[in-house]
Amino acid sequence: MSHFSSESRWPVLDSAIDSLAESLRLQQLVLLVGPEALTVEVDDPEVGRRQAPFYRLVAERLLAARQLSPDLLQSEAPGAGWDLHRACAAILTHTGLSAGRLRRSVSHTISELSEQVVPVGALAALARLTCFDLVVCLTPDDVLQRACRAAQPGRVVHVASYAPRADTGQDIDVPPRRAGELRLHHLLGRIADTTEIAIHEEDALEYLYRFRDEGERRAKTLLTELRGQDLLFLGCGLPDWMARGLMRLFNTERLTADGRTFEFFCAGTQDPALNGFLDRFSHHSTVFPWSPLAFVEQIDAIVSGMPGRYAQAAMPASRPVSSGVAPSAFVSYATEDADAALRITQALKAVGFGKVWLDREALIPGDHWPGKIEDAIATCDFFVPLLSHQADRRREGVYWEEWQQAIERAPRIRDEFLLPIGLDPDPPLRAGYTHIFTGRTRPFRDLHLLHAPHGHLSEADRAQLVRRVQTFATGARP
């Protein structure tokens, strides 16, 4: 497997891109789309227009309808890969609602919200692509279908779906390939066809188990193409068990076989256990480090026949800068925001930062931590304070001292040094902080503030950080 970290050699990545380009040229690539690729914009009565993954919005609405906190998306079922799965796990745990009733509620929420959203980011870019004729959707909505029909109004789109308890007379297969036509298949159910949709991980497991048997009889065209072509997993963020299951289901050969097809993975989040498994047993798999939007732009550039363009359009999103030039960062946060801080740290590394200092990773037993922290703040290229209600309400905390030290250092640096990021659902300037924008930390208010609810950066803010890394690397700083 090719898995690219900040230490990766780019000739290896170039080889993987060449392999992907060859699959596109030969038209032997099936696209599997997960929830991280479905980025949308919607009117929010509290913050105005808001951009977010579609299923983050669905999950928040499901929890709010039952007076449950959105914080449960982080604390509940932490191993679950998708927001919908986390929300449903929380609801089933904290309420007496049955799975059947919840499944209907999920269908209603998805249907209602899909009427209100506008495709943006990766979803909008994906809908404009014409290089795929078979797309497997791992979500039950019609958001991608709507986006494709809006972006390509003259294109014929065929839609099919599978659900274990759906009408056995229903055609779950896709039609044979026809030039210019698009086939969409919903492998885990579709709300337009049935209320039987996969809403949590056990559902997904059952759907895949049943499809393994029924697909051989009822979806021969779909399985033939999935098993005979290379696969691109876009925005799936697959849990380890699910990725292994899908790969084996869609391969006639063992994963260790030399002559089998290839898989390409691209998602904002990755399961380390999956990456380790692929490293050991699947040398035909490649895990790319880009965001879904950057990867769709990469594909668009490849099929447009403009190698210079795709080298510039997608690589900066995660390409590490040469040794000694990639900027370092210090992430400062309140203890209650530890999980969000880890996500921010991973995001900074993904967009090209070099060393990112996070206390839980940098300090080891026996360290004189006050001295270590002071040295790190005094030498980092960027200071990243994480703003939240948890931090705001604390009267005492090490981070207050860290923030003050960074503010005192900032005037000695001729350009940008402070990169505050808000973690609450509301943007920082609308979050109503009592203490953060007053007193010694008042300077934060005058800066451009990034927004990452619960540590999840938007595509737009990731792009801004990429530009910040590029500015640093080209010598804009002393």
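Predicted model: local features only at pLDDT ≥ 70, side-chain atom pairs only at ≥ 80, totals over all residues.
Local features need pLDDT of at least 70 and side-chain atom pairs count only at pLDDT 80 or more, while totals for chains, interfaces and linings use all residues. Residues are numbered from 1 along each chain as its sequence is written, and side-chain values use heavy atoms, with hydrogens and water left out.

**View 1. Helices H8 and H9.** H8 (residues 201-218) and H9 (residues 220-228) have axes that come within 6 Å and cross at roughly 110 degrees. Helices (H or I, at least four residues) and strands (E, at least two) are DSSP runs, numbered from the N terminus. Axes are lines fitted to C-alpha atoms, for helices over the stretch in contact, and angles run from 0 to 180 degrees between N-to-C directions. H8 is therefore roughly perpendicular to H9 (angles under 35 degrees count as roughly parallel, over 145 as roughly antiparallel, 65 to 115 as roughly perpendicular and the rest as oblique). Phe211, Gly215, Glu216, Arg217 and Arg218 of H8 make the contact (heavy atoms within 4.5 Å) with Lys220, Leu222, Leu223 and Arg227 of H9.

**View 2. Helices H2 and H5.** H2 (residues 54-64) packs against H5 (residues 99-114) at about 125 degrees, the axes being 10 Å apart, so H2 is oblique to H5. From H2, Phe54, Tyr55, Leu57, Val58, Arg61 and Leu62 meet Ser105, Val106, Thr109, Ile110, Glu112, Leu113 and Ser114 of H5. Eight of the contact residues are nonpolar, three polar and two charged (Ala, Val, Leu, Ile, Met, Phe, Trp, Tyr, Cys and Pro count as nonpolar, Asp, Glu, Lys and Arg as charged, and the others, Gly among them, as polar).

**View 3. Helices H6 and H12.** The angle between H6 (residues 121-128) and H12 (residues 292-303) is about 20 degrees, with axes 8 Å apart; the two helices are therefore roughly parallel to each other. Gly121, Ala122, Ala125 and Leu126 of H6 contact Pro292, Leu293 and Val296 of H12. This contact has six nonpolar residues, one polar and no charged.

**View 4. The second largest pocket.** A pocket is an open set of points on a 1 Å grid over the protein atoms alone, where a 1.4 Å probe fits, with protein on both sides within 12 Å along at least five of seven lines; lining residues have an atom within 4 Å of a point. Of the 17 lining residues, Asp44, Glu46, Arg50, Glu60 and Pro425 lie nearest the centre. H2 gives the most to the lining, with five residues. The lining has 10 nonpolar, no polar and seven charged residues.
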